[in-house]
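Please work through the exercises below with the sequence and the 3D view side by side, and try each task before reading its solution.

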Amino acid sequence: MTKTSITPSSSPTLHKRNIIAERHGMYCTAYEWFGAHVVVDGETVGTRFAVWAPNAQEVCVICDRNGWKHGGFYLNSSDEGVWTGIIPAMGAGEAYKYSIRQKDGQIVEKADPYAFYSEVSPKTASVVYDLDGYQWSDQKWIENKSEINWFEKPVNIYEVQLGSWMRPKDGRKYYSYAELSEKLIKYVVEMGFTHLQLMPITEYPFDGSWGYQTTGYFAPTSRYGTPLDFMAFVNRCHQAGIGVLLDWVPGHFPTDGHSLGKFDGTALYEHADPRSGFHPDWNTYIFNYGRTEVRNFLLSSAHFWCDKYHIDGIRVDAVASMLYLDYSREEGEWIPNEFGGRENLEAMNFLKDLNTSLHGSFPGILTVAEESTSWPGVSKPVYDGGLGFSMKWDMGWMNDTLSYMQNDPIHRQHHQNQLSFRSLYAFSENFVLPLSHDEVVHGKRSLLSQMPGDQWQQFANLRLLLGYQATLPGKHLLFMGGEIGQWTEWDHDGELDWSILEFETHAGIKRFVSDINKLLIRHPALHQLDCSSEGFSWIQADDAANSVYAYCRFSKNAEEILVVVLNMTPIPREGYRVGVPKHGFYKEILNSDASLYGGTDVGNAGGIASVAKPMHGMKQSVNLTLPPLGILVMRFEELDSTKTPTSEKTKN
């Protein structure tokens, strides 16, 4: 084939400026230059390409136009290692790859690291796409978001894997982004969630990775539609008042041949030494955070989703694996930092840059760390010595709580401190309390199946678990299926078992989750001081003999006071006295044992007035009936002096 060079860019100054920024500074919008862009450049209409491959001998664009063979459409090289050029008349919708001749003469074919769209798996080519065609109508949402202090607002997240939430019955494998706009958004609103968190939709080749082995850091997966379809999905979420968070994976990437690994024949995006550059747990490569071009690639990816797709935040996966050089490695299998320590200083600096730049560019977004260790200051500002995340997953709470709940109630008296232990660190970070996908896979079983006892006790325990999660200080996340009491653990090859909602037990769980979600939104005491110790106090946490806990939640200036009581046994408890902070009427606003949720209707007839009987260090107390395996939420109200109750128990 005759060697054909691509038309060089007619904007050399712009070209040089982008190259210098990429190599020598923080460049968070590299996607505006790199990749494939449909352009009108002087009199030339076509697609402009730019790819970083500093150790390549040659780089060609291969596509249908040249029979997918190396030797045509050569890109022009620069001394900075970036190859550029324009293919005239090439437009949106055309598939392509880069064909790279390495220094040893071998040729490899690679997808575009900055591709905006990809072929549908199992195909792996990139696709030229123009992102400027969608007309957004969420400006009011964006403006309002920039003024919101999320630490004082309800954040109640529904975690979803789009391909297995619900599937069509017409033989297709997946619903489209457009169809999910109708079905999923309506459901999220109905259930009272404030945010939708999508497991990674950054393009990935293998369904079983769930998106956590990313090959397209700038491309929403084509499994469900086009980039503009996904923009419309996010727009519809915003119109419905739902924020959208994305799982984002900067910790590692797969070894698939078309991906980033050994991109130009050398370790370009990863470390060359496997002690730093290969992850033994996941058989993946680890990014070289010390290389400016790699940092800019990742920073640009994060900015891209907030910029082009109006995403409201990112949940950064596997942060612990980034922070520790010896993560999941034995002695001799890792390289210490320059001071001899195990901390990955380059990853630390990258995460600080990530959070500083995102919060500066997109006011009101959330950055959430999945960080499973006691690394200090994950959610503290960078200027205060932290990593700068908005929030951090409380993995300790998740492990302790599920471990406690899995105990037969008769044995819970021996594990009382598993739930109260959180008080020692509850406000050291801005926490999200997760019951995520990781807890319902790989043989762990579904949340409902993890609960002990007979079937009635399992459902009661699940309501108790979800009520406990919702009433603790912190933001909240629930993985799909937990809200309907799915029996089987999550399977990415199927859909949720929606048929179980025909049974009143499962319908009751769904009603309970919806009601407690809306309770969390309505009552400022359940969200306003989530990240402050002023919003929470124990009433008692040491009644191990009865396995009972009680605590208060407060709004700002204690304008609203809620009392929460949990009975962790299947034994109803009559005459259980609980100290309360003020004299008044305590209205029962939630009882997980209500019959509409599948319970037995054991409760307090709508509420109870306090009396001057000291208890739990307080001058006032109430004499309660505690439902079996139940949670009570009671709201303080001033007593009407003209209707003072004559007994402790009164109907509302």
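## Exercise 1: two helices in contact

Trp397, Thr401, Leu402 and Met405 in helix 10 meet Asn461, Leu464, Leu465, Tyr468 and Gln469 in helix 13, where contact means heavy atoms within 4.5 Å and helices (H or I, at least four residues) and strands (E, at least two) are DSSP runs numbered from the N terminus. The model is a predicted one, in which local features need pLDDT of at least 70 and side-chain atom pairs count only at pLDDT 80 or more, while totals for chains, interfaces and linings use all residues. Residues are numbered from 1 along each chain as its sequence is written, and side-chain values use heavy atoms, with hydrogens and water left out.

Task: describe the residues of this contact and state at what angle helix 10 and helix 13 pack.

Solution. Begin with the residues of the contact, which divide into six nonpolar, three polar and no charged; here Ala, Val, Leu, Ile, Met, Phe, Trp, Tyr, Cys and Pro count as nonpolar, Asp, Glu, Lys and Arg as charged, and the others, Gly among them, as polar. Next take the geometry: helix 10 (residues 395-405) and helix 13 (residues 455-471) pack at about 155°, with their axes 11 Å apart, the axes being lines fitted to C-alpha atoms, for helices over the stretch in contact, and the angles running from 0 to 180 degrees between N-to-C directions. The two helices are therefore roughly antiparallel, a term for angles over 145 degrees.

## Exercise 2: the barrel

Task: find the order in which the eight strands close into a barrel, and then look at one of the pairs.

Solution. The order is 8-9-12-15-16-17-18-19, with parallel pairing, and two strands pair if DSSP finds at least two bridges between them. Neighbouring strands of this sheet are turned by 25° against each other on average, direction ignored. Strand 16 (residues 366-369) and strand 17 (residues 391-393) pair in the parallel sense over two bridges, and Ala369 stands opposite Lys392 in strand 17.

## Exercise 3: a strand and a loop residue

Task: decide whether strand 23 is largely enclosed or open, and locate Gly105.

Solution. Six of the eight residues of strand 23 (residues 573-580) are buried (under 20% relative accessible area), so strand 23 is largely enclosed by the rest of the structure. Strand 23 pairs with strand 26 (residues 620-626) in the antiparallel sense over six bridges, and Arg577 stands opposite Asn623 in strand 26. Gly105, by contrast, lies in the loop between strand 5 (95-101) and strand 6 (107-110).

Methods
Angles under 35 degrees count as roughly parallel, over 145 as roughly antiparallel, 65 to 115 as roughly perpendicular and the rest as oblique. Buried means under 20% relative accessible area, exposed over 50%, partly exposed in between (1.4 Å probe, protein chains only).
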